[in-house]
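Let's walk through this structure together, one region after another. Have the viewer ready, and turn the model as we go.

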Amino acid sequence: MSIDGSTLIYGGTLALGVGLVLAYALLLLWSPPPILTHPSELTYLSATNLKEPLSLPKLEDPASVELSIIVPAFNETERLPAMLDATVSYLEGEGWQNASTTHKSKVRTGKTSPSPNGNGNVSAKKRKQNGSKRTFEIIIVDDGSTDSTSSFALSLARTKYPNTDIKVVTLEKNIGKGGAVRHGMLHAGGERLLMADADGASRIEDLASLWSDMDGIVSKPATKNDRAVVVGSRAHLVQTEAVVKRSLLRNILMYGLHTILRIVGVGHIRDTQCGFKLFSRSAAQQIFPSQHLPTWIFDVELLLIAKALGIEVGEVPVEWHEVAGSKLNVVTASIQMLRDLVVVRVNMVVGRWKAGEGPGVTMVDGKGTKGE
């Protein structure tokens, strides 16, 4: 029995159509639902407001401090103290406070008045003369911890850092590291915004290198509206003891991830997963409302969005050491990584997810605004 050509074409077309429908259905099934925000998550507590929550700012608002540090935290009572101690000590110390910068800040730089030239381009000498300080806030986003992370963070803020602007935000449910970072970024007041892990694996002192690199990017004539991203990179550590002594599974995951990243379009970044990234406010305003992934591979989506929007991404070597207590299950994370990378890339290719056109904050009642 012979099959004519028209039958083969019809059968092939039907099979292709069914395959595309099934693939699209699978894409819808695998794509994460909108990240929902509860009303209580739009508020924070601090050392000076332990009982009465205050409203968080919005990313769309003008900056109120020079730097925001977003710290996602899930069951971090053991690792958070050392990280906070190193961070506050550095940011309030002479090394950071007296550093010169070409960054032209639009916020007041301290307790007195703006710099004489009307911006934050202040040398260390001038900063001492006019009594100004570089301003910062630390936003700890408790990602639905099952321990006492929020109350512990508040206790640290009250007893050890009463004069430091530490905000503690508590999410009602665990949504993942990416979702916690996104929430903090959408409600930060900094002109520049740093995401930093609660384990302190990256040295806070390397912020100066990221800051300097961002100064260089925004000073370029081609840079629009100061949009820039600078990521910390551990690529230079690949052959060092810090990486060689990691578990075999973690190293296999690292090399496999690098291969896949070249395929999905961010192979130009040697280390996408270091939890130490600096965003200008204008870049964050376009990137984070468009973020969909709440999982740990969210960094890749951020970089893909930046690439699609034409935002330059710098990469700076940073020191790093592995800290015990990681919540990451390597096998589960590997499977989730593959799925999420496919989801984010395909959604962007077919136009379901568009850079610069994300949902922003979506409240549990379905209401919300892009920039909120």
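**A guided walk through the model**

Asn225 lies in the loop between H7 and strand S8 (229-233), where helices (H or I, at least four residues) and strands (E, at least two) are DSSP runs numbered from the N terminus. Asn225 is not a glycine, yet its phi is positive, at about 55°. With 64% relative accessibility, Asn225 counts as exposed; the classes used here are buried for under 20% relative accessible area, exposed for over 50%, and partly exposed in between, with a 1.4 Å probe and protein chains only. Asn75 is another residue other than glycine with a positive phi, near 55°, and its place is the loop between S4 and H2.

A word on what you are looking at. This is a predicted model, in which local features need pLDDT of at least 70 and side-chain atom pairs count only at pLDDT 80 or more, while totals for chains, interfaces and linings use all residues. Residues are numbered from 1 along each chain as its sequence is written, and side-chain values use heavy atoms, with hydrogens and water left out.

Now for the overall picture. The protein chain holds 12 helices and 11 strands, and of its 372 residues, 50% are buried. Among contacts with a separation of 6 or more, 79% are between residues 24 or more positions apart, a contact being heavy atoms within 4.5 Å. The accessible surface of the chain is about 17,500 Å², and carbon and sulfur atoms account for 58% of that; these areas come from the Shrake-Rupley method with a 1.4 Å probe, and for residues only the protein chains shown count as cover.

An unreviewed UniProt entry places the feature "transmembrane region" at residues 7-30; UniProt positions are given in the numbering used here, feature names are shortened, and annotations may be inferred rather than shown by experiment. In the model, the span 7-30 is 100% helix and 0% strand, with its end C-alpha atoms 34 Å apart.

Which residues form a nonpolar patch on the surface? They are Tyr24, Leu26, Leu28, Leu29, Trp30, Val342, Val346, Val349 and Val350, with about 810 Å² of accessible area together. Helix H1 (5-30) and helix H12 (330-350) are the elements that give two or more residues to this patch, and H1 gives the most, with five. Patches are built from residues with over 30% relative accessible area and no salt bridge, joining like charges within 9 Å and nonpolar side chains (Val, Leu, Ile, Met, Phe, Trp, Tyr) within 5 Å. One member to pick out is Val349, which lies in H12 and is exposed, with a relative accessible area of 60%.

Next, turn to the covered helices. In helix H5 (residues 149-159), Thr149, Ser150, Ala153, Leu154, Leu156 and Ala157 are buried. These residues cover an arc of only 160° around the axis, which puts them on the same side of H5; the arc is that of the directions from the helix axis to the C-beta atoms. An α-helix has 3.6 residues a turn, so residues three or four places apart point the same way. The packing partners of the buried H5 residues are strands S2 (43-46), S3 (49-55), S4 (65-73), S5 (136-142) and S6 (166-170), along with helix H2 (80-92). Helix H6 is mostly covered, with nine of its 10 residues buried, including Val181, His183 and Met185.

Finally, look at the charged pairs. The whole structure has 13 salt bridges, each a side-chain nitrogen of Lys or Arg within 4 Å of a carboxyl oxygen of Asp or Glu. Lys177 and Asp197 meet in one of them, at 2.9 Å from N to O. Lys177 lies in helix H6 (residues 177-186) and Asp197 in the loop between strand S7 (190-196) and helix H7 (207-218), so the pair ties together parts that are 20 residues apart in sequence. Lys177 is partly exposed at 27% relative accessibility, and Asp197 is partly exposed at 24%.

Is the pair of Asp215 and Arg192 buried or exposed? Both are buried, and their closest N and O atoms are 3.0 Å apart in a salt bridge. Another salt bridge joins Asp165 to Lys167; here Asp165 is partly exposed at 29% relative accessibility, whereas Lys167 is buried at 7%. Glu76, Arg79 and Asp199 are linked in a network of salt bridges.
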